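Here are my notes on the pockets of this model. Please read them with the structure open.

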Amino acid sequence: MSLKTTTVIICFLFFASIAGAQTKTPAFPVDTSYTVANQLRKYQKYYPYLLAAEDELYKGVIEYRDVIYTTLKKTKYGKRDLHLDIFRPEKEGEYPSIILVHGGGWRSGNKSLLVPMAQMIAKRGFVAIAVEYQMALEAPYPAAVHNIKSAIRWMRANAEKYNIDPERIAISGTSAGGHLASLVGLTNGVEKFEGTMGNESHSSFVQAIIDIDGVLNFMAPLSLNKERRDDSPDVQWIGGQFKDVPELWKEVSPIYWANENSVPMLFINSGYPRFHAGQDELIGMLDEWGIYNDVVKFKVRMHTFWLFHPFIDETVDYMVDFMNKVMK
């Protein structure tokens with residue numbers, strides 16, 4: 001074999017190994033059905049003016065990508081690192097922050113879906129963090145809740161490094177992520193939801209909640225009356241149908257954890273009432289306790305409005321105005 005042929009073979013093997021590493025599939029199961037592209041195809045025929053929000057680092061914003069916030073040493077699929085993406089103002093200081101929880105039916109999606117939103121919020125003077133969490137096919141409830149609480153504790157443990165004000169942390173989420181954000185926020189101080197995934201000496205308390213089209217009560221008629229198969233996303237995540245595990249359906253419903261010490265909440269809704277089932281009852285409770293809350297509704301028959309311009313721009317405006325009101 002000539003030297004030239006040997007060199008070509010070595011180069012081929014080298015680049016093939018790199019390509020293999022770049023396309024390596026994770027050890028745990030992943031549902032890739034929820035993407036910006038397929039949501040755009042779904043809605044653009046009704047709203048042709050839609051533009052997908054893009055990953056764009058703005059002037060004056062610093063980013064830290066794929067930062068490991070905890071390592072789970074023993075899972076069903078082996079060692080597991082969980083990551084987050086951080087965006088903060090470049091100017092030194094101590095900033096209020098918000099952690100963003102993506103949607104996807106507790107089964108699909110990833111943190112990149114909320115990176116454009118995080119970047120837009122960071123440009124407005126906040127530390128914004130898009131978080132990865134374990135989904136139903138990998139680890140059903142309560143894993144995601146424990147993950148996100150761990151991420152909040154990590155934020156406080158690393159507050160000085162990333163210019164985070166540990167006394168001003170909000171949580172937000174979209175769709176299933178909105179449900180998770182509400183569940184995490186309304187269980188402030190409830191030990192059973194904490195988990196043991198790192199930085200246990202720090203608090204997972206949040207000071208505000210923003211729920212974007214996320215269910216608040218699985219047992220409200222708009223939710224419970226929906227027909228579900230055993231492989232429906234929420235059934236998979238909760239761990240069974242309502243008739244089989246009714247106590248879990250109540251346990252994962254954020255409304256049942258609200259109390260007079262709950263924090264301010266903002267609800268941002270689409271034109272589909274079922275996605276915010278239980279909201280009216282929760283608002284009545286918050287009003288009774290004198291806890292500030294507000295509701296914004298986009299009158300469009302589109303669930304994932306936050307992924308697209310012009311709706312993401314308005315959504316960020318509402319979020320920032322709310323956080324300025326309750327945390328600055």
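1. First, the classes used below. Ala, Val, Leu, Ile, Met, Phe, Trp, Tyr, Cys and Pro count as nonpolar. Asp, Glu, Lys and Arg count as charged. The others, Gly among them, count as polar. Note too that this is a predicted model.

2. Start with the largest pocket. Its volume is about 720 Å³. The lining comprises 32 residues. Closest to the centre of this pocket are Gly105, Ser175, Arg274, Phe275 and His303.

3. Which helices each supply at least two residues of that lining? They are H2 (36–44), H6 (221–224) and H7 (233–238). H2 gives the most, with 4 residues.

4. By class, the lining of the largest pocket holds 12 polar, 11 nonpolar and 9 charged residues. Among the residues closest to the centre of the largest pocket, Arg counts as charged, Phe as nonpolar and Gly as polar.

5. Now the second largest pocket. About 510 Å³ of space lies there. It is lined by 29 residues, and Phe28, Val30, Arg80, Asn110 and Glu132 are the closest to its centre.

6. Here strands come in. S2 (61–75) and S3 (78–89) each supply at least two residues of the lining of the second largest pocket. S3 gives the most to this lining, with 6 residues.

Notes:
Residues numbered from 1 in each chain as written. Predicted model: local features only at pLDDT ≥ 70, side-chain atom pairs only at ≥ 80, totals over all residues. Heavy atoms only, no water. 1 Å grid on protein atoms, 1.4 Å probe; cavity = no way out; pocket = protein on both sides within 12 Å on 5 of 7 lines; lining within 4 Å. Points joined across faces, edges and corners; volume = space filled by probe spheres on them.
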